[in-house]
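Dear colleague,

Please find the structure below, handed over for your reading. The notes that follow set out what was found in it.

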Amino acid sequence: MTRSGTGILAIAACCAVSLADAADWPPGVARVLRGHGIADSDVSVLVQPLAADAPVLAHLPDTPRNPASVMKLVTTWAALEILGPAYTWPTEVYFRGDLDGGVLDGDLVLKGYGDPYLVLEEFWKLLRALRRLGLEEIGGDLAIDDSFFTVDETDPGAFDSQPTRTYNVLPNALLVNFKAVHFQFVVDPRSGKLRVSTDPQLSNLDVRNRISLADGPCRGYQAGISLDVVGQHLDAVALGGAFPRRCGAYGMSRTVLNHDTYAFGLFGTLWREMGGRFDGRLRRTVVAADEVPVLTWRSPSLAEVIRSINKNSNNVMTRQLLYTLGAEQGGLPGTRAKGIEVVEEFLATQGFDVDALSIDNGAGLSRHERVSARLLVELLRSAARSPFAPEFMSSLSLGG
């Protein structure tokens, strides 16, 4: 629960104790509310057994509240019902030129369709599949087509002024590895110097290390390290501050580069690690309707993807899902507005009161999203009756 009237507790349970009114909160709940200065009017609660027709406790259940990441349940359940648990996202590869003796005489094209889980390992496997086709050297450029989505969100720091945090990554039709780099800091015991490494290593990322070493205990915000992503294309990381010598290995993950330049940098790194040759540049393109892919890579199933979303509360994967719904049900290109409309229309057809619902990005990382406790409980009850109940329930955290 949070302040400013945003708290929601929505429970579909096997059993519960009926309370007369908000003044009869259980002692533990009342203590928490008082301790945080939260008024009864700022909290909504609805407790109802799955098998019962009426709730055993209802307190302001129809008041729309800010759900935070609980909003992911709305988006993932709608997607599961609309697209089905076996739905997968393709990523296509095209050759614009002839492949002769392992050499592609032309450009290599990557076209994304919004795969939320094209992480480092999956991208590596995609490139290994290319190698198995006999491709060794790319004579042209790497061309990227991310036109499947039209993203109207332009400021990753709009929520909390932290644009490089991984939870703030914006959607993209060719989202690769969440656009993230893990920075590792450790003092070399032999030289006494600070060693900085990155995973993955990107040849088009400039890491500028200006960190000094300090005596004293290992403490302070980010162990005393300042990290700023700079440059016109977010292609440089400026490291500063003082890192205590007593610290062991310390790491942090941040987002770098733009979506296309990140994909380009990771492609080049992995391709050369595999023994491939590529010296081309990055270009943007749109694949023509008559072009035929030489390879189509498939994501994990939606049932697997929503487990990653809900258990880890992954924001950008949820946002990818909302755009995917827009593309699949509302027509190309996929947009946030189309995705919101698809979810709202689906819930309305299921008999939900969508007047108690306001969707911004579907992930809950928003100060504008709203949902009522009643809608959430009814959603959970409907999910429990669905043929896809096992897939949805297995995506929830243990607390859920």
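**A buried loop residue and its surroundings**

Thr335 is buried, with a relative accessible area of 17%; buried means under 20% relative accessible area, exposed over 50% and partly exposed in between, with a 1.4 Å probe and protein chains only. The model is a predicted one, in which local features need pLDDT of at least 70 and side-chain atom pairs count only at pLDDT 80 or more, while totals for chains, interfaces and linings use all residues. Residues are numbered from 1 along each chain as its sequence is written, and side-chain values use heavy atoms, with hydrogens and water left out.

Thr335 belongs to the loop between helix 6 and helix 7. Helices (H or I, at least four residues) and strands (E, at least two) are DSSP runs, numbered from the N terminus. Neighbours within four places in sequence aside, Thr335 is in contact (heavy atoms within 4.5 Å) with Thr150, Leu322, Tyr323 and Gly326.

**Helices 6 and 7**

Helix 6 (residues 315-330) packs against helix 7 (residues 336-349) at an angle of about 80 degrees, and their axes are 7 Å apart. Axes are lines fitted to C-alpha atoms, for helices over the stretch in contact, and angles run from 0 to 180 degrees between N-to-C directions. Helix 6 is therefore roughly perpendicular to helix 7, a term that covers 65 to 115 degrees. Among the residues that meet are Leu322, Tyr323 and Leu325 in helix 6 and Ile340, Val342 and Val343 in helix 7.

**Helix 3**

In helix 3, the buried residues are Glu122, Phe123, Leu126, Leu127, Ala129 and Leu130. Seen down the helix axis, they fall within an arc of 150 degrees, so they line one face of helix 3; the arc is that of the directions from the helix axis to the C-beta atoms. Exposed Glu121 and Arg132 are carried on the face turned away from the buried side. The buried residues of helix 3 pack against strand 4 (90-100), strand 5 (103-112), helix 4 and strand 17 (295-298). After helix 3 comes Gly134, whose phi is positive, near 100 degrees.

**The nonpolar cores**

A nonpolar core is a set of buried Ala, Val, Leu, Ile, Met, Phe, Trp, Tyr and Cys residues joined through side-chain atoms within 4.5 Å. The largest has 47 residues, of which Leu108, Leu130, Phe185, Val256 and Phe267 touch the most other members. Helix 4 (residues 259-273) supplies the largest share of this core, seven residues. A second, separate core has 39 residues, including Leu175, Leu325, Leu375 and Leu376.

With kind regards

Methods:
Angles under 35 degrees count as roughly parallel, over 145 as roughly antiparallel, 65 to 115 as roughly perpendicular and the rest as oblique.
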